[in-house]
Amino acid sequence: MSASTDSFLERAPIEARDWLVQLLPAPLQWFTHHLITIGAILAVFGLFFAFTTVAERKLLGRLQNRLGPNRSGLPKFSALPWHLKHKLFGLTQPFADAVKALTKEDIVPAAADKLLHFLAPVLVVAFSLLTFAVLPFGRNMVPVDLDAGLLYFFAAGSATELTIFMAGWASRNKYSLLAAMRALAQVISYELPLLLSVVPVVLVAGTLSTNEIVTAQGGWSFGILPHWNIFTPWGFIGFLLFLVAALAECNRSPFDLPEAESELIAGHLTEYSGFKYALFFMAEYFGLTALSGLGVTLFLGGWQAPCDFLPFIPSYVWFMGKLVMMIVFFIWVRGTLLRLRIDQLTRLAWQFIVPLALINLGNAAFWALTASWAGPLQLVRLGVSLALVVGPFILLGRRLNIGRGPRTYRYATS
Amino acid sequence: MLGSGIIKGLAVTAKNFVGSYFVPERMVTEQYPEDRPKLPENYRSFPLLVSETAEDPMGTLRCVACQICEKECPPQCIYIEKSKDKKPDATGKMQLYPVVFAIDTSVCMSCGLCAELCPFDSIKMDQVFEVAATNRFAGLLLNREQLAKSNAYYHSIRPVEAAEVDARLAADRQAAEAKAKAAAAAKAAAAAAKAAAPAAQPAPAPVAEAPKPPSPAA
C-alpha cells in the first residue's frame, strides 16, 4: 500500500475502531470489534435508507413533472420565528414517516398464522442486513472477509424471497398469496441470471472473495482508464444483465409484480400495517442498497478511484458515491418503465437473459485465456469479445420479439 | 434493436427531470397555502347575502324576506323569519327584511338554485372554500351577519355577473324614480286643477286616470 493512498481520512475509521477495541480487556475485544462494525453499518445504512426514500420520492416527482415531498421541516418550535419558511426541502420526511409508522395500529388478521405473520417482517430485515457483511465499503473495510463472500451474499440475499412467501402465506389473503406465488416465480426466473451474470467476474478474477475482486480491478491504463470490469465487453453486458436481474431480485419496478399496487393491492404487504409494513419497506431498500453495492463491487471497481490522481479522496467516499449513482439509476428506471406481465417476465429471463449470460460466460473465459496477448493481438482480443457481445444480443433480441408485435387493437381507435 | 425503447423512455424522463427545474410551465402543482388558486368566475361554494354597503350590512341588505329561496331550497337548509316593520329597499320601495336568515352549510349542497331564483338579486353564491369549523353544529350554521357580504365583495368575486345585476338594479331604480316623479307631477296637476276649478266636483276619476299612461312606458 503506497503512502499516497494511505491518507489520514482513509485510515481514520479503522484506526478509531482499533483504538476503541484495544481499550477493552482481551476477551471482549473480538466481540466489540464486530459490534462496532455492526453498529456502524446499521447507523450508516439506516440513515442511507431514510434519505433514499425521500430521494426516491423527490426524484420520481421530478421525473414526472411533480414536486415531490417538500413540506416537512423542523418541528415548529414557537421560539423560531422563521419556522414557517424553514422547510428544509422536505428532507425530514423520513423521520415523520417513521413516527407515523410507529404510532399506527398493528393489525393482525384473525385467520392469519400469527407466528409466521410476525416473523416475516423480522426475518426479511435480518436477511437483507446479512448481505452487508461481505461488501467491501472501502480499503480494509470489509466487515467479514470471507473466502466465499459472493456465495454467502447470494445465500443470504435469496432468503429474503422466502420471507416474502412467508408473509404472503401467513396473511391468509388471496392477494398476499398471489404475490407470494409471483415472488417465487420471479426468484426462480431471476436468481439464475443474476448468478450467471456474476460468474464471469469470478472466472476472470479467479476468486469468490469480494475484497479480492475489488483489488483485482485496481490500476489504470494511461492514468485515466480504470481497469474496472464494466470497461471490458463481457463486463459491460454482464453489468447490464446484472442490473436487470438485480431489479427483479429486489422486486422493483418494472419487476414489482409481487407488490403490484394496481393489481394485488400491494401483494404480500396487504395485511401488514404500522411498523411491520415499515420493516418490509426498509428491507426492500436494504436489499436494493446491498445489490447496488454488489454491482459496484463486481463491475464498477468497488472503492477504487476512477483516475490515477484521485485516490486522495478516501476509498469509502468513492464506494458510497458509486452506490448513490446506482440507486439514482434504479429510481430513474422506476420512474420510466411500466410493470411487466408475469409471462413477459419469465420469457425475458429464460429466452434472453439466461442464454446471453451463458454466452457471456464463454466470452469471459476467452478473455481470461487471452490475458497474455499483447500488441495488435490485444485489438483482436477486444474485437472477438465485442462480437461475442453484440452478435448474440442482436440475434437473441430479434428472436425474442418474433410474432409479438406491434400489437393491433381491434376496438380501440388510434 | 432490443432496448432502444427503454433508452428512449429514459431520455423522456430525464428531460422531465431537467425541465422541471427550468421550465415552470411543466409543473402543474399549486403550492396551496402559499399560492392561492385562481378560481373561475362561475365557481360556487355557499350562498351569501348581498348588502349595498360594507359599513352597514344589516341596514342595506337587499333581501326582502320573500322566502322564495327557503321554499325552493332542495335540501331545506335556509331558515328565514320576516320582520314586522318595513324598510325602503334598493329601489326605494318599502319592504320587509329578514330578522333571522340562517343557512346550514353542513346541509347546503351548493346547487345555487337560491341564487338563480332570487327576484331581488339578494342571494348569490360565494367562492369561499375554506369553511372548516371546530363545532359541526353551531360552527356550520351561518347567520345573517355571517352571510352578509358587501356589493363590492360581490364585484370582486364575480365582476361580470355583478355588473349585470347593478345595471339592472340601476334601471329599476331609475324607472321607479321616473314613476314617482310622474305620479308627483300628476298629483300636482290634479291639485292645480282642483284649485282652478273648485266647482268641478266629479273631476277625481279622470285625474286618477292621468298618471297611468307613463307607467307602462316605464
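Student: Among contacts in chain B between residues at least 6 apart in sequence, what share joins residues at least 24 apart?

Tutor: The model is a predicted one. Chain B has eight helices and eight strands, and 29% of its 218 residues count as buried. Taking the contacts in chain B between residues at least 6 apart in sequence, the share that joins residues at least 24 apart is 68%.

Student: How much of the accessible surface of chain B belongs to carbon and sulfur atoms?

Tutor: The accessible surface of chain B comes to about 13,500 Å². The part of this surface that belongs to carbon and sulfur atoms is 62%.

Student: What area do chain A and chain B bury between them?

Tutor: The size of an interface is often given as the accessible area lost when the parts come together. Here 22 residues of chain A are in contact with 18 residues of chain B. Carbon and sulfur atoms hold 65% of the area buried between the two chains, and that area is about 1,700 Å².

Student: Which residues in chain A lose the most area to chain B?

Tutor: Three residues together make up 37% of what the chain A side buries. They are R62(A), N65(A) and R71(A).

Student: How many salt bridges are there between chain A and chain B?

Tutor: The side of chain A that touches chain B has eleven nonpolar, seven polar and four charged residues. Six residue pairs are in polar contact between the chains, counting pairs with both residues at pLDDT 80 or more. A salt bridge needs a side-chain nitrogen of Lys or Arg within 4 Å of a carboxyl oxygen of Asp or Glu. Between chain A and chain B, the salt bridge count is zero.

Conventions:
Residues are numbered from 1 along each chain as its sequence is written. Chains are lettered from A and ligands numbered from 1 in the order in which they are written. This is a predicted model: local features need pLDDT of at least 70, side-chain atom pairs count only at pLDDT 80 or more; totals for chains, interfaces and linings use all residues. Side-chain values use heavy atoms; hydrogens and water are left out. Helices (H or I, at least four residues) and strands (E, at least two) are DSSP runs, numbered from the N terminus. Buried means under 20% relative accessible area, exposed over 50%, partly exposed in between (1.4 Å probe, protein chains only). Contact means heavy atoms within 4.5 Å. Accessible areas come from the Shrake-Rupley method with a 1.4 Å probe; for residues, only the protein chains shown count as cover. Buried area is the accessible area (1.4 Å probe) that two parts lose on being put together, summed over both. A polar contact is a pair of N or O atoms within 3.5 Å; within protein, one must be able to donate a hydrogen and the other to accept it, and residues adjacent in sequence count only if both atoms are side-chain atoms. Ala, Val, Leu, Ile, Met, Phe, Trp, Tyr, Cys and Pro count as nonpolar, Asp, Glu, Lys and Arg as charged, and the others, Gly among them, as polar.
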